[in-house]
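Good morning, and thank you for joining this group meeting. I would like to walk you through one structure, a few elements at a time.

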Amino acid sequence: MKAFFALAATLAATPLAWSAQPLLTPQELQPLLQQPQVRVIDIRDPKSYELSHIAGAVNAPYGKWRGPATNPGELPDQDKLVKLVQSLGLTPQTHAVVISNGVDATDFGAMARVYWTLKSLGLKELSVANGGMMAWEAAGAPTTQAAVKITPSNYAPTFDAQWLATRSEVRQHLDLSNAALVDSRPDAFYQGKTRAPAAKLSGTLPGAQQLDFNQWFEPGTSRFVNADKARQIASRIQREDGKDTVAFCNTGHWAATDWFGLSEVAGLPNVKLYAGSMVDWTQSKDVPQMANQPTRAESLAYDAQQWWKRTFK
(Lines give C-alpha, C1' and ligand atoms only; values in the text may rest on other atoms or scores of the structure.)
Protein backbone atom coordinates (compact mmCIF):
# COMPACT_ATOMS: atom_id res chain seq x y z
CA MET A 1 0.00 0.00 0.00
CA LYS A 2 2.83 2.43 0.88
CA ALA A 3 4.48 1.64 -2.45
CA PHE A 4 1.23 2.53 -4.22
CA PHE A 5 1.06 5.91 -2.47
CA ALA A 6 4.72 6.60 -3.29
CA LEU A 7 4.09 5.84 -6.97
CA ALA A 8 0.96 7.99 -6.98
CA ALA A 9 2.87 10.91 -5.48
CA THR A 10 5.56 10.57 -8.15
CA LEU A 11 2.99 10.60 -10.92
CA ALA A 12 1.51 13.75 -9.40
CA ALA A 13 4.83 15.62 -9.45
CA THR A 14 4.05 17.21 -12.82
CA PRO A 15 1.22 19.80 -12.98
CA LEU A 16 -2.21 18.45 -13.83
CA ALA A 17 -5.27 20.16 -15.18
CA TRP A 18 -7.50 18.63 -12.51
CA SER A 19 -11.25 18.86 -12.71
CA ALA A 20 -12.35 17.97 -9.22
CA GLN A 21 -14.34 14.79 -8.70
CA PRO A 22 -17.09 15.06 -6.07
CA LEU A 23 -15.82 11.90 -4.36
CA LEU A 24 -12.19 11.00 -3.72
CA THR A 25 -10.84 7.73 -2.38
CA PRO A 26 -7.70 7.85 -0.22
CA GLN A 27 -5.73 6.59 -3.22
CA GLU A 28 -7.03 9.47 -5.34
CA LEU A 29 -6.58 12.12 -2.66
CA GLN A 30 -3.02 11.25 -1.63
CA PRO A 31 -1.21 12.47 -4.78
CA LEU A 32 -3.34 15.63 -4.92
CA LEU A 33 -1.86 16.79 -1.63
CA GLN A 34 1.31 17.68 -3.53
CA GLN A 35 -0.55 20.41 -5.38
CA PRO A 36 -0.48 23.84 -3.69
CA GLN A 37 -4.05 24.73 -4.64
CA VAL A 38 -5.47 21.68 -2.81
CA ARG A 39 -6.74 22.41 0.70
CA VAL A 40 -8.14 19.69 2.96
CA ILE A 41 -10.80 21.03 5.33
CA ASP A 42 -11.14 18.80 8.39
CA ILE A 43 -14.54 19.43 10.00
CA ARG A 44 -14.07 17.18 13.04
CA ASP A 45 -13.92 18.52 16.59
CA PRO A 46 -10.58 20.15 17.57
CA LYS A 47 -9.54 17.30 19.88
CA SER A 48 -9.88 14.64 17.17
CA TYR A 49 -8.05 16.89 14.72
CA GLU A 50 -5.15 17.46 17.13
CA LEU A 51 -4.76 13.74 17.78
CA SER A 52 -4.33 12.90 14.09
CA HIS A 53 -4.98 14.64 10.78
CA ILE A 54 -3.83 14.73 7.18
CA ALA A 55 -0.71 16.82 6.73
CA GLY A 56 -1.67 20.34 5.71
CA ALA A 57 -5.34 19.90 6.62
CA VAL A 58 -7.00 22.86 8.33
CA ASN A 59 -9.56 22.46 11.09
CA ALA A 60 -13.01 24.05 10.75
CA PRO A 61 -15.43 22.13 13.03
CA TYR A 62 -18.86 21.44 11.58
CA GLY A 63 -20.60 23.64 14.12
CA LYS A 64 -19.06 26.70 12.49
CA TRP A 65 -21.02 25.95 9.32
CA ARG A 66 -24.39 25.63 11.08
CA GLY A 67 -27.07 27.90 12.50
CA PRO A 68 -28.35 28.32 16.09
CA ALA A 69 -29.71 25.50 18.26
CA THR A 70 -33.25 26.74 17.66
CA ASN A 71 -32.81 26.09 13.93
CA PRO A 72 -29.44 24.45 13.13
CA GLY A 73 -30.29 24.27 9.43
CA GLU A 74 -30.18 28.04 9.08
CA LEU A 75 -27.10 29.42 7.39
CA PRO A 76 -24.68 31.43 9.53
CA ASP A 77 -24.59 35.15 8.80
CA GLN A 78 -22.83 36.07 5.58
CA ASP A 79 -20.11 37.93 7.51
CA LYS A 80 -19.34 34.81 9.56
CA LEU A 81 -19.12 32.65 6.46
CA VAL A 82 -16.78 35.12 4.74
CA LYS A 83 -14.50 35.27 7.80
CA LEU A 84 -14.49 31.46 7.98
CA VAL A 85 -13.58 31.10 4.31
CA GLN A 86 -10.83 33.69 4.64
CA SER A 87 -9.41 32.06 7.80
CA LEU A 88 -9.02 28.82 5.82
CA GLY A 89 -7.08 30.63 3.11
CA LEU A 90 -9.64 29.72 0.45
CA THR A 91 -9.81 31.44 -2.93
CA PRO A 92 -11.75 30.74 -6.15
CA GLN A 93 -8.71 28.76 -7.34
CA THR A 94 -8.70 26.43 -4.31
CA HIS A 95 -9.59 22.78 -4.69
CA ALA A 96 -11.25 22.21 -1.31
CA VAL A 97 -11.53 18.64 -0.04
CA VAL A 98 -13.90 18.16 2.91
CA ILE A 99 -13.21 15.37 5.39
CA SER A 100 -14.79 14.22 8.65
CA ASN A 101 -14.66 11.07 10.79
CA GLY A 102 -16.43 8.81 8.29
CA VAL A 103 -18.00 6.76 11.07
CA ASP A 104 -21.47 6.44 9.54
CA ALA A 105 -23.95 7.75 6.98
CA THR A 106 -25.04 10.61 9.24
CA ASP A 107 -21.46 11.83 9.50
CA PHE A 108 -21.30 11.97 5.71
CA GLY A 109 -24.12 14.51 5.83
CA ALA A 110 -21.79 16.94 7.59
CA MET A 111 -19.29 16.73 4.74
CA ALA A 112 -22.05 17.11 2.15
CA ARG A 113 -23.50 20.15 3.93
CA VAL A 114 -20.10 21.90 4.06
CA TYR A 115 -19.50 21.00 0.39
CA TRP A 116 -22.91 22.54 -0.48
CA THR A 117 -22.05 25.68 1.50
CA LEU A 118 -18.68 26.10 -0.21
CA LYS A 119 -20.25 25.57 -3.64
CA SER A 120 -22.84 28.21 -2.81
CA LEU A 121 -19.98 30.53 -1.84
CA GLY A 122 -18.46 30.25 -5.29
CA LEU A 123 -15.85 27.48 -5.03
CA LYS A 124 -15.94 25.36 -8.16
CA GLU A 125 -13.27 22.75 -7.39
CA LEU A 126 -14.76 20.69 -4.56
CA SER A 127 -14.55 17.13 -3.29
CA VAL A 128 -15.58 14.98 -0.36
CA ALA A 129 -13.12 12.44 1.02
CA ASN A 130 -15.18 9.26 0.63
CA GLY A 131 -15.17 7.27 3.88
CA GLY A 132 -13.58 10.12 5.83
CA MET A 133 -10.64 9.65 8.18
CA MET A 134 -11.64 6.04 8.87
CA ALA A 135 -11.06 5.14 5.22
CA TRP A 136 -7.88 7.24 5.08
CA GLU A 137 -6.33 5.48 8.06
CA ALA A 138 -7.58 2.04 6.96
CA ALA A 139 -5.72 2.58 3.66
CA GLY A 140 -2.48 3.14 5.55
CA ALA A 141 -2.25 6.75 4.42
CA PRO A 142 -0.04 9.03 6.55
CA THR A 143 -1.28 11.32 9.31
CA THR A 144 0.37 13.87 11.56
CA GLN A 145 -0.13 15.88 14.74
CA ALA A 146 1.80 18.86 13.39
CA ALA A 147 0.14 22.25 13.71
CA VAL A 148 -0.85 23.97 10.48
CA LYS A 149 -0.41 27.70 9.86
CA ILE A 150 -2.54 29.24 7.14
CA THR A 151 -2.20 32.65 5.58
CA PRO A 152 -5.72 34.11 5.49
CA SER A 153 -7.10 35.05 2.10
CA ASN A 154 -8.96 38.23 1.18
CA TYR A 155 -11.59 36.32 -0.81
CA ALA A 156 -14.99 37.86 -0.07
CA PRO A 157 -17.61 35.60 -1.67
CA THR A 158 -21.30 36.32 -1.93
CA PHE A 159 -23.78 33.53 -1.41
CA ASP A 160 -25.27 32.12 -4.62
CA ALA A 161 -28.80 30.92 -3.86
CA GLN A 162 -28.92 28.72 -6.96
CA TRP A 163 -28.87 25.55 -4.83
CA LEU A 164 -30.93 26.90 -1.93
CA ALA A 165 -34.69 26.61 -1.39
CA THR A 166 -36.27 28.97 1.12
CA ARG A 167 -39.51 28.53 3.05
CA SER A 168 -41.36 30.93 0.75
CA GLU A 169 -40.08 29.09 -2.33
CA VAL A 170 -41.18 25.73 -0.93
CA ARG A 171 -44.60 27.19 -0.16
CA GLN A 172 -44.82 28.40 -3.76
CA HIS A 173 -43.81 24.97 -5.04
CA LEU A 174 -46.65 23.48 -3.01
CA ASP A 175 -49.15 26.02 -4.31
CA LEU A 176 -48.13 25.45 -7.94
CA SER A 177 -47.21 21.74 -7.72
CA ASN A 178 -44.12 22.53 -9.78
CA ALA A 179 -41.29 20.73 -7.99
CA ALA A 180 -40.32 17.28 -6.78
CA LEU A 181 -40.12 17.50 -2.98
CA VAL A 182 -37.80 14.85 -1.55
CA ASP A 183 -37.95 13.87 2.13
CA SER A 184 -34.51 12.51 3.05
CA ARG A 185 -35.52 11.21 6.47
CA PRO A 186 -36.07 7.61 7.64
CA ASP A 187 -39.57 6.15 7.89
CA ALA A 188 -40.40 7.23 11.45
CA PHE A 189 -39.97 10.91 10.57
CA TYR A 190 -41.59 10.67 7.14
CA GLN A 191 -44.61 8.85 8.57
CA GLY A 192 -45.03 11.37 11.39
CA LYS A 193 -44.22 8.95 14.21
CA THR A 194 -41.40 11.14 15.56
CA ARG A 195 -39.92 14.58 14.97
CA ALA A 196 -36.80 16.61 15.59
CA PRO A 197 -36.66 18.31 19.03
CA ALA A 198 -36.84 21.80 17.51
CA ALA A 199 -39.71 20.95 15.16
CA LYS A 200 -43.19 21.95 16.32
CA LEU A 201 -45.09 19.38 14.28
CA SER A 202 -44.64 15.82 13.03
CA GLY A 203 -45.19 14.80 9.43
CA THR A 204 -43.88 15.74 6.03
CA LEU A 205 -44.58 18.14 3.17
CA PRO A 206 -47.68 17.34 1.10
CA GLY A 207 -46.81 15.24 -1.94
CA ALA A 208 -43.24 14.62 -0.79
CA GLN A 209 -41.43 11.56 -2.08
CA GLN A 210 -39.24 9.71 0.40
CA LEU A 211 -35.58 9.01 -0.38
CA ASP A 212 -33.97 7.88 2.87
CA PHE A 213 -30.41 9.22 2.92
CA ASN A 214 -29.10 5.84 4.12
CA GLN A 215 -29.64 4.39 0.62
CA TRP A 216 -26.61 6.22 -0.81
CA PHE A 217 -24.01 4.04 0.90
CA GLU A 218 -22.38 0.72 0.19
CA PRO A 219 -24.03 -1.82 2.52
CA GLY A 220 -22.44 -1.91 5.95
CA THR A 221 -20.12 1.02 5.27
CA SER A 222 -20.03 4.83 5.26
CA ARG A 223 -18.65 4.87 1.70
CA PHE A 224 -20.81 6.65 -0.86
CA VAL A 225 -21.84 4.59 -3.89
CA ASN A 226 -20.34 5.11 -7.35
CA ALA A 227 -21.95 7.21 -10.08
CA ASP A 228 -23.75 4.29 -11.77
CA LYS A 229 -25.42 3.24 -8.53
CA ALA A 230 -26.19 6.86 -7.70
CA ARG A 231 -28.05 7.27 -10.99
CA GLN A 232 -30.10 4.17 -10.18
CA ILE A 233 -31.05 5.62 -6.80
CA ALA A 234 -31.84 9.01 -8.35
CA SER A 235 -34.16 7.36 -10.89
CA ARG A 236 -36.58 6.55 -8.06
CA ILE A 237 -37.53 10.21 -7.85
CA GLN A 238 -40.36 11.20 -10.17
CA ARG A 239 -39.67 14.64 -11.58
CA GLU A 240 -40.67 16.54 -14.68
CA ASP A 241 -37.94 17.88 -16.95
CA GLY A 242 -36.97 21.44 -16.20
CA LYS A 243 -38.56 21.54 -12.76
CA ASP A 244 -36.75 21.84 -9.44
CA THR A 245 -36.04 19.02 -7.04
CA VAL A 246 -35.95 20.12 -3.39
CA ALA A 247 -34.36 17.89 -0.75
CA PHE A 248 -35.34 18.43 2.88
CA CYS A 249 -35.08 16.65 6.23
CA ASN A 250 -35.15 18.04 9.79
CA THR A 251 -32.34 20.60 9.70
CA GLY A 252 -30.79 20.34 6.23
CA HIS A 253 -28.19 17.75 7.30
CA TRP A 254 -29.47 14.40 6.01
CA ALA A 255 -30.95 16.26 3.05
CA ALA A 256 -27.47 17.50 2.15
CA THR A 257 -26.61 13.86 1.41
CA ASP A 258 -29.62 13.53 -0.91
CA TRP A 259 -28.69 16.84 -2.58
CA PHE A 260 -25.10 15.66 -3.01
CA GLY A 261 -26.14 12.32 -4.47
CA LEU A 262 -28.77 13.72 -6.82
CA SER A 263 -26.86 16.82 -7.95
CA GLU A 264 -23.16 16.08 -7.71
CA VAL A 265 -22.88 12.32 -8.24
CA ALA A 266 -25.97 11.43 -10.31
CA GLY A 267 -25.68 14.76 -12.15
CA LEU A 268 -29.33 15.88 -12.06
CA PRO A 269 -29.95 19.58 -12.80
CA ASN A 270 -31.95 22.02 -10.67
CA VAL A 271 -31.52 20.22 -7.36
CA LYS A 272 -31.88 22.43 -4.30
CA LEU A 273 -31.49 22.04 -0.55
CA TYR A 274 -34.12 23.39 1.83
CA ALA A 275 -31.52 24.35 4.43
CA GLY A 276 -33.94 25.00 7.29
CA SER A 277 -36.05 21.96 6.42
CA MET A 278 -38.89 20.79 8.68
CA VAL A 279 -37.68 22.69 11.75
CA ASP A 280 -37.91 25.92 9.79
CA TRP A 281 -41.16 24.88 8.10
CA THR A 282 -42.99 24.04 11.34
CA GLN A 283 -41.77 27.19 13.10
CA SER A 284 -43.67 29.35 10.62
CA LYS A 285 -46.17 31.79 12.18
CA ASP A 286 -48.69 30.69 9.57
CA VAL A 287 -50.17 27.20 9.90
CA PRO A 288 -47.86 25.11 7.68
CA GLN A 289 -49.19 22.65 5.15
CA MET A 290 -48.42 19.12 6.34
CA ALA A 291 -49.03 15.48 5.44
CA ASN A 292 -48.72 12.27 7.44
CA GLN A 293 -49.62 14.11 10.62
CA PRO A 294 -50.54 12.07 13.70
CA THR A 295 -53.91 12.49 15.38
CA ARG A 296 -54.20 14.94 18.27
CA ALA A 297 -54.26 12.05 20.74
CA GLU A 298 -51.10 10.59 19.19
CA SER A 299 -49.40 14.00 19.33
CA LEU A 300 -50.27 14.45 23.00
CA ALA A 301 -49.01 10.97 23.82
CA TYR A 302 -45.77 11.66 21.95
CA ASP A 303 -45.25 14.98 23.76
CA ALA A 304 -45.84 13.31 27.11
CA GLN A 305 -43.34 10.60 26.27
CA GLN A 306 -40.70 13.16 25.29
CA TRP A 307 -41.33 15.16 28.49
CA TRP A 308 -40.87 12.01 30.56
CA LYS A 309 -37.56 11.24 28.85
CA ARG A 310 -36.24 14.78 29.36
CA THR A 311 -37.34 14.84 32.99
CA PHE A 312 -36.44 11.41 34.30
CA LYS A 313 -33.73 10.04 32.02
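This is a predicted model: local features need pLDDT of at least 70, side-chain atom pairs count only at pLDDT 80 or more; totals for chains, interfaces and linings use all residues.

**A guided look at the model**

Let me begin with Leu-126, which is found in strand 5 (residues 125-129). Residues are numbered from 1 along each chain as its sequence is written, and side-chain values use heavy atoms, with hydrogens and water left out.

Is Leu-126 buried or exposed? Its relative accessibility is 3%, so Leu-126 counts as buried. By that word I mean a relative accessible area under 20%, whereas exposed means over 50% and partly exposed lies in between, with a 1.4 Å probe and protein chains only. The C-alpha atom of Leu-126 is separated by 9.7 Å from that of Arg-39, although the two residues are 87 apart along the chain.

I turn next to helix 5, which covers residues 105-120. Helix 5 has 16 residues, and from its first C-alpha to its last it reaches 23 Å, close to the 22 Å expected at 1.5 Å a residue. The expected span is 1.5 Å times one less than the number of residues. At its start, a side-chain oxygen of Asp-104 comes to within 3.2 Å of the backbone nitrogen of Thr-106. Just after helix 5, Gly-122 has a positive phi of about 105°.

How many aromatic pairs does the structure hold? There are 11. Rings of Phe, Tyr and Trp (its six-membered ring) pair if their centres lie within 6.5 Å; planes under 30 degrees apart count as stacked, over 60 as edge-to-face and the rest as tilted. Phe-108 and Phe-217 form an edge-to-face pair, because their ring centres are 5.3 Å apart and their planes stand at 75°. This pair links distant parts of the chain, 109 residues apart: Phe-108 is in helix 5, and Phe-217 is in the loop between strand 8 (209-210) and helix 9 (227-234). Both Phe-108 and Phe-217 are buried.

A second pair joins Trp-116 and Phe-159, with ring centres 5.9 Å apart and planes at 65°, so this pair is edge-to-face as well. Trp-116 lies in helix 5 and Phe-159 in the loop between helix 6 (132-138) and strand 6 (164-165), so the pair ties together parts that are 43 residues apart in sequence. Trp-116 is buried, with a relative accessible area of 0%, whereas Phe-159, at 22%, counts as partly exposed. Ring pairs also link a cluster made of Phe-108, Tyr-115, Trp-216, Phe-217, Phe-224, Trp-259 and Phe-260.

Trp-259 and Phe-260 are among the buried residues of helix 10. Helix 10 has 12 residues and spans 16 Å between its first and last C-alpha, close to the 16 Å expected at 1.5 Å a residue. How many of its 12 residues are buried? The count is 12 of 12.

How does helix 10 (residues 254-265) meet helix 9? What we find is an angle of about 115°, with the axes of the two helices 9 Å apart. Axes are lines fitted to C-alpha atoms, for helices over the stretch in contact, and angles run from 0 to 180 degrees between N-to-C directions. Helix 9 and helix 10 are therefore roughly perpendicular to each other, a label for angles of 65 to 115 degrees, where under 35 is roughly parallel, over 145 roughly antiparallel and the rest oblique.

Asp-258, another of the buried residues of helix 10, makes a side-chain polar contact of 2.7 Å with Ser-184. A polar contact is a pair of N or O atoms within 3.5 Å; within protein, one must be able to donate a hydrogen and the other to accept it, and residues adjacent in sequence count only if both atoms are side-chain atoms. Ser-184 is buried, at 0% relative accessible area.

Finally, Asn-270 has a positive phi of about 60° although it is not a glycine.

Methods. Helices (H or I, at least four residues) and strands (E, at least two) are DSSP runs, numbered from the N terminus.
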